[in-house]
Amino acid sequence: MLQAASVSCSGDDSRAVGKDLGSELLDSLGRDPDVVLLFAATRYASADLLDGLAARLSPRTRVVGCTSCAEINSEEALSDSATAMGLCLDGVDVAVAHARDDADDSAAIGRRLGEDLRDFDPSLVILFVDGTRLNSTPLLAGMQAVLGRDRPIVGGVAADDLRFVRTEEFVDGEALSGAAVALALRGPLRVESVVASGWQAMGRNRVITRAADSKTITELDGEPALEVYRTYLGGFGRDIDTAGLEFPIGVLARPGEEVLARGDAFIRAVQGPAADGRGVRVSGDIEEGSTVRLMRTSREALIDSARAGIADAVAAMPAPAFALVFDCAGRKVVLGPRYKDELAAALSALPPGLPTVGFFTYGELAPRDGETIHHDETFTAVLVGVDGA
Amino acid sequence: MNPPRCDRCAFERLDELDDDDLVHAIVRCGACPQLAEPRCRALFDRLRGATAALRRCRNLAHKRGREALALRQAAHDVEDRLARLEAVHKISSNELEGMTTLMWLLSEIAAAANAATNAEEMIYLCLRPLCEATGLGIGVALFGDELGMHYIAAATDPGAVGDALAAIESSSWLSALRFATEPQWIDLREVSQADVGATSWRRQAHDAGLCGALGIPVVVDGEPIASCVLLCTDARKIDKEAIETIVDAAWSSLAAQISRVISRERAAEATEGARAAAESANRAKSDFVANMSHELRTPLNAIIGYGELLVEDLEEFGLNDPRAIVERMNGASRHLLGLINNILDLSKIEAGKMSVHSEPVDLAAEFEEVLAVLEPLVEDGGNRLRCELPALDRPLLLDGIKLRQILFNLIGNAAKFTRNGTIRVLTELVLEGDAAALRVSIEDSGIGMSEEQLARVFEAFTQAESDTTRRFGGTGLGLTLSRRLAELLGGTLTARSALGVGSTFVVELPTRALEPRARAR
């Protein structure tokens with residue numbers, strides 16, 4: 001049978017916090033977990049944390065995870081913690097893969113991960129990608145090139161409390177940087193994904209007519225993108241330096257895709273003016289020829305969207321075994337202290353007591369029309385159930 | 001549980017292990033013989049529970065501590081944001097206030113430009129708004145190098161201020177200000193000893209309690225028109241930046257608006273001059289005509305008088321041939337006299353020297369007299385005259401002389417232009433409430449006029465056709481004079497006519513019926 005428990009610990013001594021996590025997991029599960037998913041604030045010394053955890057757990061327990069911007073357990077979202085989920089996966093096979101590259105070649109790392117996992121043929125991949133050195137879009141493409149585009153992949157981009165200096169990826173006793181870590185599960189698993197943005201499109205559809213690179217929109221409908229964006233912001237009395245997170249860009253359709261009226265755009269946060277003074281830099285990859293709209297929202301809409309997203313997934317899968325939540329650090333910034341309200345609303349829609357773990361990321365990896373892509377400023381989650389459990 | 005991991009029994013290294021480690025080691029050991037004793041087992045279970053509880057409490061306390069810290073930080077951030085917003089709000093409010101003041105000042109300057117009849121007046125009207133908008137206490141207008149009007153809202157020592165103003169008036173600063181290309185600000189709060197000699201006005205102004213002087217040159221098209229000097233009486237009111245915005249706007253507005261006043265003033269002067277010239281020329285013409293008429297009439301009367309005498313003498317001596325010649329000369333002289341009389345009357349009316357003398361008039365007597373005189377003329381043409389008068393038992397208030405003059409002209413004309421026809425003179429009294437009008441229609445069956453002729457019939461020196469003068473005689477001034485007379489009496493003279501059918505002239509004069517006992521003239 002599949003058993004899960006999540007715990008959060010907090011303290012000034014990283015090793016002691018690691019040991020506390022281990023003790024709490026053992027107390028909750030009553031046995032050693034097969035896998036631990038660990039998300040920790042950057043204030044903890046990762047090596048000590050992992051060492052403390054290892055001191056309590058069996059050497060055969062696999063540990064994967066990464067640094068975060070805030071953590072999520074079954075009860076709440078919280079900052080400055082080390083939060084872990086222990087999983088006893090009877091009847092489910094586990095494989096762990098990680099890769100890094102001296103040149104930080106994201107596509108190559110993705111391909112290598114895919115190759116490492118190809119023979120294992122996973123039912124679900126839970127992936128964590130370095131948030132300052134790697135680019136998850138080519139990394140996903142590399143993995144999907146090997147494992148297939150429709151392989152269920154979920155996860156998040158590691159974060160570092162909005163410092164944007166260094167993120168770490170955990171694999172067993174090691175804290176790596178510049179790496180991608182994948183936990184692969186194989187078995188009679190069922191997966192229900194949640195992708196909830198809560199952003200509302202404004203203005204008309206526009207096409208990215210020129211992109212200087214994969215993260216710079218130079219022209220929208222032939223006009224300088226910065227001007228278009230500033231014109232919109234001006235209407236709200238805001239300027240680009242502070243409003244990029246609150247007025248992101250939604251991609252309605254990638255080149256060649258049909259533009260649908262339904263509001264399932266994926267989101268790119270605006271980071272600021274591009275160096276050429278005409279374009280805008282965005283947080284995730286975009287493609288020339290994509291159809292986009294400018295987005296806005298309210299705090300209430302963000303919170304409601306997370307709750308509604310979870311509720312829809314629970315309707316589709318009423319009795320999951322555990323849940324993973326990957327929420328965006330950008331939403332946490334926009335919501336301020338109310339980031340806890342968003343998670344409280346989302347968790348309240350889950351079956352009571354459902355073991356849940358997650359973190360606030362620099363990018364959410366979740367499926368869009370069956371193919372996993374990088375999202376920004378989006379609440380994503382996945383409910384995992386076991387057939388016959 | 002896992003197989004035992006403890007190489008050394010935990011109980012042998014109690015000093016090395018804290019409670020958590022001890023409990024963990026013993027749990028990992030699994031079947032520790034030390035715990036076989038039930039009381040030891042019970043104690044261990046209690047320790048295990050206590051350490052777990054303590055662990056949770058410790059973590060919870062730390063977690064809550066961190067959260068409290070984060071909330072405090074958030075509270076600080078919110079306070080900072082509030083403070084920033086308040087600062088922004090204050091700046092916006094100040095800006096708004098400044099803009100409101102500026103708009104007010106500009107509208108006052110525009111209003112002054114509308115109200116003022118000259119540049120001096122406009123500058124004076126602007127002094128109070130300028131002082132109020134800038135918060136400066138004293139405003140002075142200067143034209144050339146001379147002090148004009150001034151506005152004083154506040155002055156601690158008016159005598160000293162007066163002296164300072166006099167010093168400013170003769171200062172080189174002021175002479176230069178007239179030609180300055182932008183407003184000048186002189187700070188008078190600190191005047192050094194070095195200032196005493198060359199520019200003593202600064203010293204005097206400083207001593208009079210003035211903190212600053214703001215000079216605004218008003219220049220239109222490169223020509224200095226005036227200057228305004230505003231003096232600050234209260235150092236606390238000097239917000240140079242705020243004042244500068246207002247002053248710059250006021251400075252351009254003053255120049256623009258004053259140029260409007262000046263062009264208006266010049267236009268008015270030009271109009272007045274043209275009007276005066278025209279009036280004087282007209283008066284000169286009227287005087288000339290009036291004088292000339294007198295000069296012409298006097299010798300003419302003598303000629304006619306001597307001509308009459310000559311005719312009598314020639315008749316006496318039976319010299320009929322020369323008599324006919326002299327009578328022809330007399331006829332020409334009378335014609336000339338009539339012409340001159342008419343010209344004299346017309347120029348009197350134009351010069352405003354013709355007065356109206358209303359008196360009780362017996363209408364029937366007036367008509368009788370006129371018709372008696374005209375009877376020979378009417379009969380000469382083989383015409384029949386029919387006159388219809390209303391039965392009046394009371395006199396009318398009228399200028400009888402002018403009425404007769406009109407009737408002579410109109411009936412005489414009718415007789416002149418009709419051969420073997422009928423002339424009807426129809427007279428009625430039209431009553432409208434208290435007002436009454438005398439309407440006389442003179443209708444003939446003569447040669448009549450075309451529409452074109454009718455349109456010009458009242459113009460001076462016009463007869464319907466130039467050759468009619470030869471055929472019918474007349475001065476060509478009769479109808480013009482008649483209409484002017486009718487208008488002088490407050491009435492009208494109109495005509496309608498058809499070529500070959502005849503003409504009708506209608507004169508309408510306001511009048512008033514008197515009580516029957518009033519005696520007719």
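This is a predicted model: local features need pLDDT of at least 70, side-chain atom pairs count only at pLDDT 80 or more; totals for chains, interfaces and linings use all residues.

- D161(A) has a phi near 55°, a positive value in a residue that is not glycine, and its place is in the loop between β9 (153-157) and β10 (169-171) of chain A.
- D104(A), likewise not a glycine, has a positive phi of about 50°, and D104(A) lies in the loop between β7 (93-100) and α3 (106-118) of chain A.
- D104(A) counts as partly exposed because it has 15 C-beta neighbours inside 10 Å.

**A helix pair in chain A**

- The axes of helix α7 (residues 299-316) and helix α9 (residues 339-348) of chain A come within 8 Å and cross at roughly 25°; since angles under 35 degrees count as roughly parallel, α7(A) is roughly parallel to α9(A).
- The crossing of α7(A) and α9(A) is right-handed, and the contact is made by L302(A), I303(A), A306(A), R307(A) and I310(A) from α7(A), together with D341(A), E342(A), A345(A) and A346(A) from α9(A).
- Sorted by class, the contact of α7(A) with α9(A) has six nonpolar residues, three charged residues and no polar ones.

**Where chain A touches chain B**

- In the contact between the chains, 17 residues of chain A meet 13 residues of chain B.
- On the side of chain A that touches chain B, β1 (2-9) and α1 (14-29) of chain A each supply at least two residues, and α1(A) gives the most, with four residues.
- The residues on that side of chain A divide into eight polar, six charged and three nonpolar.

**Chain B and its helix α9**

- Chain B has 14 helices and 12 strands, and 26% of its 521 residues count as buried.
- Among contacts in chain B between residues at least 6 apart in sequence, 67% join residues at least 24 apart.
- Helix α9 (residues 320-350) of chain B has 31 residues and should span 45 Å at 1.5 Å a residue, which agrees with its end C-alpha atoms being 45 Å apart.
- The buried residues of α9(B) are I340(B), N342(B), I343(B), D345(B), L346(B) and S347(B), and α9(B) is followed by G352(B), whose phi is positive, near 75°.

Key. Residues are numbered from 1 along each chain as its sequence is written. Chains are lettered from A and ligands numbered from 1 in the order in which they are written. Two residues are in contact if their C-beta atoms, placed from the backbone, lie within 7 Å. Ala, Val, Leu, Ile, Met, Phe, Trp, Tyr, Cys and Pro count as nonpolar, Asp, Glu, Lys and Arg as charged, and the others, Gly among them, as polar. A residue is buried if 20 or more other C-beta atoms lie within 10 Å of its own, exposed if 12 or fewer, and partly exposed in between; C-beta atoms are placed from the backbone. The expected span of a helix is 1.5 Å times one less than its number of residues. Axes are lines fitted to C-alpha atoms, for helices over the stretch in contact, and angles run from 0 to 180 degrees between N-to-C directions. Angles under 35 degrees count as roughly parallel, over 145 as roughly antiparallel, 65 to 115 as roughly perpendicular and the rest as oblique. A crossing is left-handed if the near helix is turned anticlockwise from the far one by less than a right angle, and right-handed if clockwise.
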